[in-house]
Amino acid sequence: MLSDPQPLREVEPRAAHLQARSGVPLVDVRAPHEQVRGRIQGARERGDGERALELCLRLAASAPDGIVVCATGVRSAAITRELSLAGFPGWRSLAGGIAAWTSAGLPVIRDDALTNEQHERYSR
């Protein structure tokens, strides 16, 4: 990844929810095993690591604005900085990631019947 520091552009979960409902794309860069705990309906799944950045760059070429989602906002912030360096300043990171989204009571799709507490217990 590029190393030039860029200002972090974030969007709060409730604002992101409204923007997504109006058509702004959401891109989830978490690994599939992370998405089982909850994902945002309509979010495009791009996997993690360098592959996620490459796919986000391709999507950004056709969408001037977008929101990148990860677990807590760290990976999405890094990808958003790279998108900005590449000429896509309209892309933002979901502040606090999916953790903040669920804490705000916003809707998620769950692929299994385990609770968050059970996921924590069994992930150790």
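## Exercises on burial, sheet order and helix packing

At 17% relative accessibility, H17 counts as buried (buried means under 20% relative accessible area, exposed over 50%, partly exposed in between, with a 1.4 Å probe and protein chains only). The model is predicted, so local features need pLDDT of at least 70 and side-chain atom pairs pLDDT 80 or more, while totals for chains, interfaces and linings use all residues. Residues are numbered from 1 along each chain as its sequence is written, and side-chain values use heavy atoms, without hydrogens and water.

### Exercise 1. The surroundings of H17

Determine which residues H17 is in contact with, leaving aside its neighbours within four places in sequence, and which residues of helix 1 are buried.

*Solution.* 
1. H17 lies in helix 1, residues 13–21 (helices are DSSP runs of H or I with at least four residues, strands are runs of E with at least two, and both are numbered from the N terminus).
2. Beyond its neighbours within four places in sequence, H17 is in contact with W101, L106 and P107 (contact means heavy atoms within 4.5 Å).
3. The buried residues of helix 1 are P13, A16 and H17. They lie on the same side of helix 1 because they cover an arc of only 105° around its axis (the arc is that of the directions from the helix axis to the C-beta atoms).
4. The face turned away from this buried side carries the exposed residues R14 and L18.
5. The cover over the buried residues of helix 1 includes strand 1, strand 4, strand 5 and helix 5 (97–103).
6. After helix 1 comes G23, with a positive phi near 110°.

### Exercise 2. A52 and the cysteines

Find whether A52 is buried or exposed, and how many disulfides the structure holds.

*Solution.* 
1. A52 is found in helix 3, residues 50–60, and is buried, since its relative accessible area is 0%.
2. Apart from neighbours within four places in sequence, A52 is in contact with V29, R46, G47 and I79.
3. A52 and I79 are 27 residues apart in sequence, with a C-alpha to C-alpha distance of 8.1 Å.
4. C56 is buried at a relative accessible area of 0%, and C70 counts as buried at 1%.
5. The structure holds zero disulfides (a disulfide is a pair of cysteine sulfur atoms within 2.5 Å).

### Exercise 3. Chain totals

State what percentage of the 124 residues in the protein chain is buried.

*Solution.* 
1. Buried residues make up 40% of the 124 residues.
2. Of the contacts with a separation of 6 or more in the protein chain, 71% are between residues 24 or more positions apart.
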